[in-house]
There are 2 protein chains.
Amino acid sequence: MELKFKYPIKIKTLEWIDGKVRWIDTSKLPFEEIYIESDDYERIAKAIEDMEIRGAPAIGVAAALAIAATAYKYRSLPLNELKIKLIKAIERLRQTRPTAYNLFWALERMAKVLEKEYNDSDTLCRAIIEEALKIYVEDINTNIAIGEYGAKLIEDGDTVLTHCNAGALATSAFGTALAIIRVAWYQGKKIKVIATETRPVLQGARLTVWELKKEGIPVILITDNMVGYVMSKGLVTKVIVGADRILSTGHVINKIGTYMIALTAKRHNIPFYVAAPTSTIDLRTPIAQVIIEERDPDEVRKVLGRVLITLEDVEVLNPAFDITPPDLVTAIVTEKGIIYPPYETNLKRVVEG
Amino acid sequence: MELKFKYPIKIKTLEWIDGKVRWIDTSKLPFEEIYIESDDYERIAKAIEDMEIRGAPAIGVAAALAIAATAYKYRSLPLNELKIKLIKAIERLRQTRPTAYNLFWALERMAKVLEKEYNDSDTLCRAIIEEALKIYVEDINTNIAIGEYGAKLIEDGDTVLTHCNAGALATSAFGTALAIIRVAWYQGKKIKVIATETRPVLQGARLTVWELKKEGIPVILITDNMVGYVMSKGLVTKVIVGADRILSTGHVINKIGTYMIALTAKRHNIPFYVAAPTSTIDLRTPIAQVIIEERDPDEVRKVLGRVLITLEDVEVLNPAFDITPPDLVTAIVTEKGIIYPPYETNLKRVVEG
């Protein structure tokens, strides 16, 4: 399927090819560029759990495409059996990762399509595929809109610090935080990026560095604990990160380490921007009910899944996300525009309005 | 040489054996426990540069012992030639690492001994060895005193977060921050430690975890960017870190990442203590003249000196230290007692008084 967008797609994170989902295995980057194709929702669920596919928007789109692939694969089943397959697939994908909101948002959209009345399997199958592709194309256009709104915040000469990978590799294409960097760069602004390595899974060192090098955008890599140093030396003019979930209060749930970066930015009066589609905004869940995913302790004990860096039996914590309170967030850039505080009222207005 | 101290020495970081310096190669821990012996100051200088010996107090003591080993090795040379050898050795050791103040403090003490009048090489040699061993024994007693003063701050049930390794492996024995943990533990206080892994060289994951496990003190390992998470969850009651240099203003220069930890502790009203001997306190150098060591970029690009985690040509920053401003420091624990703000007056009073 060849789609045309305003900017060329250089990194094909997710694709829909002849009834199958194709993804780049981000867990192997930047050392190997491996693409995997599957129409098995269990395999795609595993790809999400093992972070072959990661990043809140990409997880949501991949889940929707996994439902579409399931519909296509079983399209010759009787309508009722197909429906049961799809319900099971939705249930399975819901269990993959608990924190990123886009996953639940995308699966809810798919479930709503499934709830309608259909005369036969073929019609249901077409409706399911149509909705998944709509989510996919929307994600790309959303990223472009985030990039264009956000680029207005970027000035010539800026050095933008970013954390983790909120790039093409975290979405269908272009990214959220990195879409802003991309568009500003395409506009001819001379900018630089400082990328944090983002332990334990090293998305900054492995993915953001690779992605920005592909674009020719200058990037400097630091360890996560160097943010205070670079900010106190005046080397950072803006921070832009992505989000896995944004609450109605403006609390931003994002990759572990985001909160300390926001706190340090505040101390140095450096604007701290969050870039995310409105599908990341969760107006329903109160903060006390948000589940912060605890991942395999070996992610901390080892590097790249194989190199032990400590004693193998040491006790470990491995929360994948933290929560940045709204007083540290300068603005949230969405596809519907830039949202400023007070978030309590402004998020609701933008999402529902 | 068997010395007796108030507490048993379980980890022999530095020793003086028959005219030679013996050290544990901390760069290989916890995977291999290798001890190296040398009377070659060039070899010992390399050991400091390559972080086989690291930690501000250990660097100072090792440099002093290196001068002693040089005196012993060349004791049969004519007095003038021996003096020239020793001056060269002091000069070489001064070049090893620019930030830790104890290095310069220890070498200055050795230089002062050298400046006195001597009748023959043997007398000079004995005076040099005596001063080096005095520095060594002082360091151990200093650590014990820091431990005992600091333990008064620790309550039963505390969870202490520490960064890097300010332990036995950073001193001649016992440590600074970890001496406090040790003494509190020996006093029967039920405490736990949260250790940050401390990228890029992983002193927390490799050394602090190993050292605390040897003592049987419970330790939980986290990545550097999880500090905000554990503090916001109420899992940390105190922070104790070491220091490489403390300025007259109370600015604390310590392992990269310390500043962000202090900032986060402040936000959560968690006391942030610095443990260091008074030999770390530099009343002379203004902040603008402090040199923050920039180390080999491959320390960031790789893990454990061998495993590439990013593109091999990516630009990198690798400052080894950062500066924590005095408003974030609750108190400084020294062998002369606990120093509280205002540091401007109180540091001077303790050091000079």
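Mentor: A polar contact is a pair of N or O atoms within 3.5 Å; within protein, one must be able to donate a hydrogen and the other to accept it. Please keep in mind that this is a predicted model.

Trainee: Is A:Lys238 buried or exposed?

Mentor: A:Lys238 belongs to strand β7 of chain A, which covers residues 238–241. A residue counts as buried when its relative accessible area is under 20%. The value for A:Lys238 is 5%, so this residue is buried.

Trainee: Which side chain forms a polar contact of 2.6 Å with that of A:Lys238?

Mentor: Apart from neighbours within four places in sequence, A:Lys238 is in contact with residues including A:Leu153, A:Glu155, A:Asp158 and A:Tyr273. From A:Leu153, the backbone oxygen lies 3.1 Å from a polar atom of the A:Lys238 side chain. The side-chain partner at 2.6 Å is A:Glu155.

Trainee: How are helices α4 and α5 of chain A oriented, roughly parallel or roughly antiparallel?

Mentor: Helix α4 (residues 101–115) and helix α5 (residues 121–151) of chain A have axes 9 Å apart and pack at an angle of about 155°. Angles over 145 degrees count as roughly antiparallel. Therefore α4(A) and α5(A) are roughly antiparallel.

Trainee: How many residues of the contact of α4(A) with α5(A) are nonpolar?

Mentor: Among the residues that meet are A:Trp105 and A:Arg109 in α4(A), and A:Leu124 and A:Glu131 in α5(A). The contact has 4 charged residues and no polar ones, and its nonpolar residues number 10.

Methods: Residues are numbered from 1 along each chain as its sequence is written. Chains are lettered from A and ligands numbered from 1 in the order in which they are written. This is a predicted model: local features need pLDDT of at least 70, side-chain atom pairs count only at pLDDT 80 or more; totals for chains, interfaces and linings use all residues. Side-chain values use heavy atoms; hydrogens and water are left out. Helices (H or I, at least four residues) and strands (E, at least two) are DSSP runs, numbered from the N terminus. Buried means under 20% relative accessible area, exposed over 50%, partly exposed in between (1.4 Å probe, protein chains only). Contact means heavy atoms within 4.5 Å. Axes are lines fitted to C-alpha atoms, for helices over the stretch in contact, and angles run from 0 to 180 degrees between N-to-C directions. Angles under 35 degrees count as roughly parallel, over 145 as roughly antiparallel, 65 to 115 as roughly perpendicular and the rest as oblique. Ala, Val, Leu, Ile, Met, Phe, Trp, Tyr, Cys and Pro count as nonpolar, Asp, Glu, Lys and Arg as charged, and the others, Gly among them, as polar.
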